[in-house]
Amino acid sequence: MSDLGSEELEEEGENDLGEYDGERNEAGERHGHGKARLPNGDTYEGSYQHGKRHGQGIYKFKSGARYIGEYVKNKKHGHGTFIYPDGSRYEGEWADDRRHGYGVYCYVNNDTYTGEWFAHQRHGQGTYFYAETGSKYVGTWVNGQQEGMAELIHLNHRYQGKFLNKNPVGPGKYVFDIGCEQHGEYRLTDVERGEEEEEEEVTLMTVVPKWKATSITELALWTPTLPEEQPPADGTIQEEAPGPEGGGEPAEDDQALADLSEGEADLTRPGEDDEDATREEGREDGQEELRYGAIDQGNVNFEEEESKQGEQPA
């Protein structure tokens, strides 16, 4: 869902005076507390300084949106709450009329983002909660996109690793509630899809991150910086089980989990039944694919899901 709606809700400038009732200074400028009705139908009540909105005030747009907070020289600056026409709201820090600093955005579909902002965009450390599935992304953002080390937390499992342009890349691991971890990495894979245009078939290439599992291990403490190669913890089950002459046969349950790592597995959509998250316990065919694309088609498609119910500017 987009959170740039306030860019379309511009306030009247200092030269659009309209009607005013309030205090003035010796020079006749609006100074102190006052009420104004602006030519475009907006209203403002609050503090003025030398003819400009300055200090605490309430600005109401004719569209129904309103801002309650601090101003500096006619611009939203400091702490304030902006309520948009569709009912979504942002409460937090502002700088030069933009969301900037720490703040909480509550979207019309009940999703929330809590964290840092820079020049109107999610930027820095933050958490995005998906109300429909209960999943959440906890990590870093760059210019509104998930990028950097993060956790993607679902109801019965989580993924820990690095993200780039909204997609997971490189080494990472899945942590399952049943008490094990699956280590591996995401590799970019080209997927072809054909489209007909003017009786000519056009083939488009789409890059999709694809999960390649390498091992199953016991649970371990996760840190934000993951090394490219992690030494197996005690009790690690390698992808290839030891031969007849090797030492120690793995337990039957552990072998069933190791079978999952022999193939490429498709990441189940967040919020699906527990049987999808623990599918590896009972499988003996040794093949299952996890594609991050399955998430993109679900509610963890961060930008597309946001855009479906974006703010409707006045």
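**Close-up views of a predicted model**

**View 1. A polar contact of 3.2 Å links the Glu151 and Arg158 side chains.** A polar contact is a pair of N or O atoms within 3.5 Å; within protein, one must be able to donate a hydrogen and the other to accept it, and residues adjacent in sequence count only if both atoms are side-chain atoms. The Glu151 side chain also makes a polar contact with the side chain of Gln160, at 2.6 Å. Glu151 belongs to strand 12 (residues 145-153). With a relative accessible area of 12%, Glu151 is buried (buried: under 20% relative accessible area; exposed: over 50%; partly exposed: in between; 1.4 Å probe, protein chains only). Strands (E, at least two residues) and helices (H or I, at least four) are DSSP runs, numbered from the N terminus. This is a predicted model: local features need pLDDT of at least 70, side-chain atom pairs count only at pLDDT 80 or more, and totals for chains, interfaces and linings use all residues. Residues are numbered from 1 along each chain as its sequence is written, and side-chain values use heavy atoms, leaving out hydrogens and water.

**View 2. Strand 13 (residues 157-164) and strand 14 run antiparallel, joined by eight bridges.** Two strands pair if DSSP finds at least two bridges between them. Leu164 stands opposite Asn167 of strand 14. The hairpin has two residues between the strands, and Asn165 takes a positive phi near 55 degrees. Strand 14 (residues 167-176) is mostly covered, with nine of its 10 residues buried.

**View 3. Asn74 has a positive phi, near 75 degrees.** Most residues other than glycine have a negative phi. Asn74 sits in the loop between strand 5 (66-72) and strand 6 (75-83). Its relative accessible area is 11%, so Asn74 is buried.

**View 4. The whole structure holds 31 aromatic pairs.** Rings of Phe, Tyr and Trp (its six-membered ring) pair if their centres lie within 6.5 Å; planes under 30 degrees apart count as stacked, over 60 as edge-to-face and the rest as tilted. Tyr44 and Tyr59 form a tilted pair, because their centres are 6.5 Å apart and their planes at 45 degrees. Tyr44 is in strand 3 (residues 43-49) and Tyr59 in strand 4 (residues 52-60), 15 residues apart. Tyr44 is buried at 2% relative accessibility, and Tyr59 is buried at 0%. Tyr174 and Trp211 are edge-to-face, with centres 4.9 Å apart and planes at 90 degrees.

**View 5. The charged end of Arg53 sits over the ring of Tyr44, 5.7 Å from its centre.** The criterion is NZ of Lys or CZ of Arg within 6 Å of the ring centre and within 35 degrees of the ring normal.
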